[in-house]
There are 2 protein chains.
Amino acid sequence: MVRDLVTLDQVIEAIRTLAVRGAPAIGVAAAIGLVVALDHDAAASGTVVRDRLPDAAARLIAARPTAVNLAWAVGRLLAVAATVSDHDLVAALRAEAEAIRAEDVAMCEAIGQYGLAIVPDGARVLTHCNAGALATAGIGTALAPVHLAHRIGRRVSVYADETRPLRQGARLTAWELQRAGIPVTVLPDGAAASLLRSGAVDLVIVGADRIAANGDVANKVGTYGVALAARAHGIPFYVAAPWSTVDPATASGGDIVIEHRHADELGELPAGTFVWNPAFDVTPRALVTGYLTDRGFIAPPFLSGSAV
Amino acid sequence: MVRDLVTLDQVIEAIRTLAVRGAPAIGVAAAIGLVVALDHDAAASGTVVRDRLPDAAARLIAARPTAVNLAWAVGRLLAVAATVSDHDLVAALRAEAEAIRAEDVAMCEAIGQYGLAIVPDGARVLTHCNAGALATAGIGTALAPVHLAHRIGRRVSVYADETRPLRQGARLTAWELQRAGIPVTVLPDGAAASLLRSGAVDLVIVGADRIAANGDVANKVGTYGVALAARAHGIPFYVAAPWSTVDPATASGGDIVIEHRHADELGELPAGTFVWNPAFDVTPRALVTGYLTDRGFIAPPFLSGSAV
């Protein structure tokens, strides 16, 4: 998992191919990566870095259009750049990128602390994809309350959707929970509805890649179906994400650009078969029981200036 | 795909491991396989065949507990056996098994003919798993109307859920439709809810492994989630199956034994990870728009004597 990302192309490639994935981690990686890449490419000349910054920022943001944290983190660097001299530019960008990383760790802890209220002793949690430690610089977003509950001695167990096509649940969520000593059960995505019906799940917690002003949530494809099934069986469905995931500039889910990914991700298929492979889906506000953030539980509408 | 199944153990293994799969095909294979295996094992002595029949039948039925066609086909052979002499036994069993195969072909055609009413020119159909030609001796159950509509010149296209863990949609449905010249698009199971929301699907047709007296349907795991999403977006959800799939002796879905399969089917997982891998789920009657059978559209309750 340790990668040295030196050139901007390498940073963009790592984000685009999901070598770095998870909305908060993408923001952190983009910020640090941008600074390191510009510094490296430009051999530490502030003037050259400033010249290259706008184009580099635009290319980085285009790597994954749905993740708002990417544009948000890059935007913070651009804002800092506008306030300092060329001489101080590289040092200021470095400091801001490091601040973004440190804030991400603190953000995860805060989500976990607020989230303890919904993860009592014995709680059985269903999650989708990986919004855990492997998706952030800290203990994750959706899994932060689970990690913290376990840390303070509560018995908690997790059902993890496999999350096709890239199996983040089976590969990442199962790995990090098993390693933390938290019992984890993987199921095929198609089994989530009957699991929720079976009574084996007390609550659902998922992450988010973008939350619109009205509360609609873009997250890994499959989330919407889980939300529908949770609602059908009266099981609480929580979205856990940093404030930076809320995008007041996006009015509703219909305005969110959904990235479509390559057919190859689905594995071997008969020749001549088409593929529909969206990376994300949108869960409407009406299906969300609560929004858990690093500032506590919040409720839509999310107005401009209040969040980011 | 061509297999010579000679001993009873081989027939049971083929059904158990899904080398033979799809509810109607299992019934046909069980009937033919039982006769061939007994005949082979017993060297054509009617007396020996009769001695071995009850145990062989019981072992065969136990191979896959959820598929009612298996018990139904074996039951037909047992019923025939009770009416003939030892001298005529093998020939009578052979004739009955062949009759079951021929009826299966006719059953598929009949489902297709009745089903043309719901597959107009231009229809875009979502299906789950494979209830096509590869699951029957004929043109399938859920896919029969699609095959027939295409044969008479209607433009029809199909979205096929990948259907984890064994990918019957991606492997079998995509293969048979592409081969028939019908456009087919594969999607991850988790994407079905957002596909249904997108307006790209006119109707859903799935098969069934068992239909209870009240209309609850056991089918490949993932079907229930698709049914919930179809209902959420007002898209008709049809179950297509032979009459023999209806089991009046099963009062409701809660009485259906759901087979759980091996963790290995989910592929590589971190050590220490548990797996929940049911083969089927139950879709309640309330979510089913119509039941398409070889005797036309039927409506629950399905009373004893009326169906099988």
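A: Let us start with one pair of residues: Val275(A) has Val186(B), in E3(B), as its bridge partner. Please keep in mind throughout that this is a predicted model.

Q: How do strands pair in general, and in which sense, parallel or antiparallel, does strand E9 of chain A run with E3(B)?

A: Strands of a sheet pair through backbone hydrogen bonds, and the pairing is either parallel or antiparallel. Here strand E9 of chain A, residues 274–275, is joined to E3(B) by 2 bridges, and the two strands run parallel.

Q: In what order do the strands of the open sheet that holds E9(A) and E3(B) follow one another?

A: That open sheet has 8 strands with mixed pairing, and their order is E9(A)-E3(B)-E2(B)-E1(B)-E4(B)-E7(B)-E11(B)-E12(B). E9 of chain A and strand E12 (296–298) of chain B stand at the edges with a single partner strand each, so one side of each has no neighbour in the sheet.

Q: Which strands make up the open sheet that includes E9(B)?

A: The order there is E12(A)-E11(A)-E7(A)-E4(A)-E1(A)-E2(A)-E3(A)-E9(B), which is again an open sheet of 8 strands with mixed pairing. Its edges are strand E12 (296–298) of chain A and E9 of chain B, and because each has a single partner strand, one side of each is left without a neighbour in the sheet. Within this sheet, strand E4 (residues 203–206) of chain A pairs with strand E7 (residues 237–240) of chain A in the parallel sense, over 3 bridges, and Val204(A) stands opposite Phe237(A) in E7(A).

Q: Where could I look for antiparallel pairing, for example around strand E6 of chain B?

A: Strand E5 (residues 210–212) of chain B and strand E6 (residues 217–220) of chain B run antiparallel and are joined by 2 bridges, with Ile211(B) opposite Val217(B) in E6(B). The hairpin of E5(B) and E6(B) has 4 residues between the strands, and in it Gly215(B) takes a positive phi near 100 degrees. E6(B) also pairs with E10(B) in the antiparallel sense, over 4 bridges, and there Val217(B) has Thr283(B) as its bridge partner.

Q: How many residues does the contact of chain B and chain A take from each chain, and how is the size of an interface often given?

A: The size of an interface is often given as the accessible area lost when the parts come together. Chain B and chain A bury about 3500 Å² between them, with 65% of it on carbon and sulfur atoms, and the contact takes 47 residues from chain B and 47 residues from chain A.

Q: What polar contacts and salt bridges does the rule find across that interface?

A: Across the interface of chain B and chain A there are 2 salt bridges and 20 residue pairs in polar contact. A salt bridge joins Glu162(B) to Arg164(A), whose closest N and O atoms lie 2.3 Å apart. On the side of chain B that touches chain A, the elements that each supply at least two residues are helix H7 (168–180), strand E3 (184–187), helix H8 (192–198), helix H9 (223–232), strand E9 (274–275) and strand E10 (280–283). The residues of that side of chain B divide into 27 nonpolar, 12 polar and 8 charged.

Terms used: Residues are numbered from 1 along each chain as its sequence is written. Chains are lettered from A and ligands numbered from 1 in the order in which they are written. This is a predicted model: local features need pLDDT of at least 70, side-chain atom pairs count only at pLDDT 80 or more; totals for chains, interfaces and linings use all residues. Side-chain values use heavy atoms; hydrogens and water are left out. Contact means heavy atoms within 4.5 Å. Buried area is the accessible area (1.4 Å probe) that two parts lose on being put together, summed over both. A salt bridge is a side-chain nitrogen of Lys or Arg within 4 Å of a carboxyl oxygen of Asp or Glu. A polar contact is a pair of N or O atoms within 3.5 Å; within protein, one must be able to donate a hydrogen and the other to accept it, and residues adjacent in sequence count only if both atoms are side-chain atoms. Ala, Val, Leu, Ile, Met, Phe, Trp, Tyr, Cys and Pro count as nonpolar, Asp, Glu, Lys and Arg as charged, and the others, Gly among them, as polar. Two strands pair if DSSP finds at least two bridges between them.
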